[in-house]
Amino acid sequence: IKRTSVCLFADLTRGAMTEFQEKLRQQHEESMHRELEALLSTANKVEAEKIFHRFLQVKGPSVDWPKINRPPEESIQPYEKIRAKGLPDNITACLNKLAVVKLNGGLGTSMGCKGPKSLISVRNENTFLDLTVQQIEHLNKTFSADVPLVLMNSFNTDEETKKILQKYKHHRVNIHTFNQSRYPRINKESLLPIASNMGMSGENAEAWYPPGHGDIYASFYNSGLLDKLIAEGKEYIFVSNIDNLGATVDLFILQHLMSQPADRRCEFIMEVTDKTRADVKGGTLIQYEDHLRLLEIAQVPKAHVDEFKSVTKFKIFNTNNLWISLPAIKRLHEKNAMDLEIIVNPKTLDGGLNVIQLETAVGAAIKSFDNALGVNVPRSRFLPVKTSSDLLLVMSNLYSLDAGSLTMSKKREFPTTPHVKLGSSFTKVQEFLARFENIPDMLELDHLTVSGDVTFGKNVSLKGTVIIIANHGDRIDIPAGAMLENKIVSGNLRILDH
């Protein structure tokens, strides 16, 4: 009897707890609805409520680890196999069914720059945006095509980007923009928005955020641009981050998409590439409940994070170069059939307030599309510039620039890029540029580590493994014309002008 009573009591308690949690959830939703009503009068309110509702519904990791399987072999095609099919007979007709979308919501703050990251100069005074426009213009001129460029801006980048676009008026590329949504940051304790009104200044300056690139589907649809492109005969978009200089339009992948039979048309291709030690945190493709699915590190239960980072079990990662069917986006959005996993991004604001941002990833929608596919592409299609170390690589003679595209120099013996690690004195772009009289010759470099107060004179050559460490209070000036091969330089080395 005692045990029965205990079990009964446990069941009742569990029932009461579930009821309590359900009431709490409803209370949170009602409070959020009231607050949003007071704040927002735009379509974004609907999307913001949707994501908040799902956040409350789903507790704990969004994947059941034992259900994770490696994707079947045929679901991730090697690029060589797709390339072997050759180019389409009519490249122009294929290109005319394509639009290029660049994710342009980010600021250059991590590299010490103000304004949109796409406006940072990366090569010969060209910005990310300049290189993108040059690439697409070159395609349009070469094949007499009309591939438009679409920029997904955020409230952080929209105004400045639109001002800059004036300079491309006479280029052979039609440029469209749309804005991704603006969501309110949520107080971690109360789960209510911290914004007091729709304003973006004063105490509200930190109250809003762009909710990750997974918002592309809703904001693209709501902007009217999706329907406009479909009406113009566009069938696919090629989506990538604007700071990935390797993400150019690949005619072989485009041909693969266009050559599929109508009843087996591939609606989504994710370009993946082999992991290196630098990419262990990158999202990977898995097979989950009979679907290809993107697994991000934020969704992995803590106990399995090391397993997720393993290069042997999860060999590939998502480059965020995606090819997506426009009619499929329209169909899935209208049916509300895109179930994107929510990424909870905790932040601490300048004043010390703990908030959360609810975000989604564009690649997470892969499971909702028909005949989705991963394509294992060469590493050269993933060349992101996130730090000044990356910037050094793309500014160097490792790459040559042709019509906006960077290609690895034929003079380099190894196809891999050197591993470069610049210290905190190089973090900001302005400081970085001040420390190099010109960019060293890096054709034969394997590894470079620089720490402390270090400057480089003209025409320096770096080969093999080079480590330069100036201890606190010391300064190292690498003299003009120096050739460092497999060297460790430390201590104090000043070159004085007389």
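Student: Which residues touch the most other members of the largest nonpolar core?
Tutor: The model is predicted, so local features need pLDDT of at least 70 and side-chain atom pairs count only at pLDDT 80 or more, while totals for chains, interfaces and linings use all residues. Residues are numbered from 1 along each chain as its sequence is written, and side-chain values use heavy atoms, with hydrogens and water left out. A nonpolar core is a set of buried Ala, Val, Leu, Ile, Met, Phe, Trp, Tyr and Cys residues joined through side-chain atoms within 4.5 Å. Of the 73 residues in the largest one, those that touch the most other members are Leu95 and Phe456.

Student: From which domains does this core draw at least three residues each?
Tutor: Domain bounds come from an automatic or database domain assignment. With those bounds, the core draws at least three residues from each of domain 1 (65-381) and domain 2 (388-490).

Student: Which residues does leucine 95 touch, not counting those up to four places away in sequence?
Tutor: Contact means heavy atoms within 4.5 Å. In general, nonpolar side chains tend to be buried together in soluble globular proteins. For leucine 95, the residues touched are Leu139, Phe143, Ala145, Val147, Val249, Leu251 and Leu254.

Student: How many residues are in the other core, which lies apart from this one?
Tutor: Its members include Ala99, Phe178, Val239 and Leu285. The number of residues in that core is 38.

Student: Within what arc do the buried residues of helix H6 fall?
Tutor: Helices (H or I, at least four residues) and strands (E, at least two) are DSSP runs, numbered from the N terminus. Buried means under 20% relative accessible area, exposed over 50%, and partly exposed in between, with a 1.4 Å probe and protein chains only. In H6 (residues 158-165), Asp158, Thr161 and Leu165 are buried. Taking the directions from the helix axis to the C-beta atoms, they line one face of the helix because they fall within an arc of 70°.

Student: Which residues are exposed on the other side of H6?
Tutor: The buried residues of H6 pack against strand E2 (98-104), helix H5 (128-143), strand E5 (149-153) and strand E6 (175-179). On the other side, the exposed residues are Glu159 and Lys163.

Student: What arc do the buried residues of helix H11 cover?
Tutor: In H11 (residues 326-334), the buried residues are Leu326, Ala328, Ile329, Leu332 and His333. They are on the same side of H11, because the arc around the axis is only 155°.

Student: Which backbone nitrogen does a side-chain oxygen of serine 325 reach?
Tutor: This pair is at the start of H11, and the atoms are within 3.1 Å. The backbone nitrogen belongs to alanine 328.

Student: What is the phi of asparagine 336?
Tutor: Most residues other than glycine have a negative phi. Asparagine 336 lies in the loop between H11 and E15, and counts as exposed at 54% relative accessibility. Its phi is positive, near 55°.

Student: Is glutamate 341 buried or exposed, and which side chains does it join in polar contacts?
Tutor: Glutamate 341 lies in the loop between H11 and E15 and counts as buried, at 5% relative accessibility. A polar contact is a pair of N or O atoms within 3.5 Å; within protein, one must be able to donate a hydrogen and the other to accept it, and residues adjacent in sequence count only if both atoms are side-chain atoms. Another, of 2.2 Å, is with the side chain of lysine 367.

Student: Which residue in E16 stands opposite isoleucine 343?
Tutor: E15 and strand E16 (residues 354-359) run antiparallel and are joined by 6 bridges. Opposite isoleucine 343 stands glutamate 359.

Student: What is the phi of alanine 403?
Tutor: Strands E18 (residues 399-402) and E19 (residues 405-408) pair in the antiparallel sense over 4 bridges. Alanine 403 is in the loop between E18 and E19 and is partly exposed, with a relative accessible area of 26%. Its phi is positive, near 50°.

Definitions and conventions:
Pairing = 2+ DSSP bridges.
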